[in-house]
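Subject: Handing over a structure, with notes

Dear colleague,

I am passing on to you the structure that I have been reading through, and my notes follow it. Please look at it first, and then go through the text with it open beside you.

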Amino acid sequence: MADGSEIDVRQDTDAALCERAADGCRASFEALLNRHYDRIYQTAWRFCGAAAMAEDVTQDVVVKIAKAIRGFRGEAAFTTWVYRITYTTAIDYLRVAQRTEAVAPSNLMTLVDTMPETLRPITPEEAAINADLWASVLGLSEKQRDAVLLVYAEDLSHARAAEVMGCSEKTVSWHLFEAKKRLKVKLEAQ
């Protein structure tokens with residue numbers, strides 16, 4: 001059964017797939033990746049702001065998951081575990097690239113044009129608003145930016161964002177509060 005030929009992985013929960021993947025079932029591991037690959041890429045893209053770097057991060061995340069799946073204990077949801085791996089990998093890439101902003105404000109319209117279809121704004125007006133907002137979010141401190149992206153772009157709860165960021169839920173709330181204050185000042189000035 002290690003090859004997955006006798007099971008229907010499409011109907012299984014992440015927990016069941018993880019358990020079998022940890023035991024060497026390739027079909028279960030492939031099903032997990034198929035289920036979560038797009039979300040991994042979108043998360044990486046939001047943090048990196050560049051398609052090429054997001055692709056590199058995504059591939060690194062897949063390799064890290066493959067190496068670590070046997071150690072996944074299920075103490076947190078699989079999606080939280082994957083977010084944590086994606087988050088730390090993206091942050092590591094940004095640090096190595098010595099970048100404090102994912103994209104220069106002058107390149108934001110190019111960035112919007114290259115966004116995946118699921119993220120692309122509908123109208124030129126929305127694109128302009130999103131470009132201003134992205135520039136402002138990307139200009140926040142690292143922790144504030146991360147909290148904003150995880151809670152508002154990834155739609156995680158404060159508790160799940162805290163798990164991903166490795167801090168308390170109150171700290172996430174504080175980072176969001178501070179980010180909102182800074183964003184309000186920046187956007188009103190524009």
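Predicted model: local features only at pLDDT ≥ 70, side-chain atom pairs only at ≥ 80, totals over all residues.

Phenylalanine 78 lies in helix α4, and, when residues up to four places away in sequence are not counted, it touches Asp14, Cys18, Leu32, His36, Ile69 and Phe72. One of these, cysteine 18, is 60 residues apart from phenylalanine 78 along the chain, while the C-alpha atoms of the two are separated by 7.9 Å.

The chain as a whole

The secondary structure comes to nine helices and zero strands, so that, read from the N terminus on, the order of elements is α-α-α-α-α-α-α-α-α. The chain has 190 residues, of which 43% count as buried. Among the contacts with a separation of 6 or more, 58% are accounted for by residues 24 or more positions apart.

Helix α4 and what covers it

Helix α4 takes in residues 78-96, and its 19 residues should span 27 Å at 1.5 Å a residue; the C-alpha atoms at its ends are 27 Å apart, which agrees. The buried residues of α4 are Phe78, Thr80, Trp81, Val82, Tyr83, Ile85, Thr86, Tyr87, Thr89, Ala90, Ile91 and Leu94. If you wish to see what lies over these buried residues, the cover includes α1 (14-22), α2, α3, α7 (142-153) and α8 (158-165).

With α8, helix α4 packs at an angle of about 50°, and the two axes are 8 Å apart. That makes α4 oblique to α8, and the crossing in which α4 passes α8 is right-handed. On the side of α4 the contact is made by Thr79, Thr80, Tyr83, Arg84 and Tyr87, and on the side of α8 by Arg160, Glu163, Val164 and Met165. By class, the residues of this contact divide into four nonpolar, two polar and three charged.

Helices α2 and α3

A second pair to look at is helix α2 (residues 26-48) with helix α3 (residues 51-68), which pack at an angle of about 140° with their axes 8 Å apart. The two helices are therefore oblique to each other, since angles count as roughly antiparallel when they are over 145 degrees. The crossing of α2 and α3 is right-handed. From α2, the residues Phe29, Leu33, Tyr37, Ile40, Tyr41, Ala44, Trp45 and Cys48 take part, and they meet Ala51, Met53, Ala54, Glu55, Val57, Thr58, Gln59, Val61, Val62, Ile65 and Ala66 of α3. The residues of this contact divide into 16 nonpolar, two polar and one charged.

In the loop between α7 and α8 you will find aspartate 155, which has a positive phi of about 60° although it is not a glycine. As background, most residues other than glycine have a negative phi. Aspartate 155 counts as exposed, at 66% relative accessibility.

Leucine 133 and leucine 183 are 50 residues apart along the chain, and their C-alpha atoms are separated by 8.2 Å.

With kind regards

Definitions and conventions: Residues numbered from 1 in each chain as written. Heavy atoms only, no water. Axes fitted to C-alpha atoms, helices over the stretch in contact; angles between N-to-C directions. Helix = DSSP H or I, 4+ residues; strand = E, 2+ residues; numbered from the N terminus. Parallel < 35°, antiparallel > 145°, perpendicular 65-115°, else oblique. Left-handed = near helix turned anticlockwise from the far one by under 90°. Contact = heavy atoms within 4.5 Å. Nonpolar A, V, L, I, M, F, W, Y, C, P; charged D, E, K, R; others polar. Expected span 1.5 Å × (residues − 1). Buried < 20%, exposed > 50% of the residue type's maximum accessible area, 1.4 Å probe, protein only.
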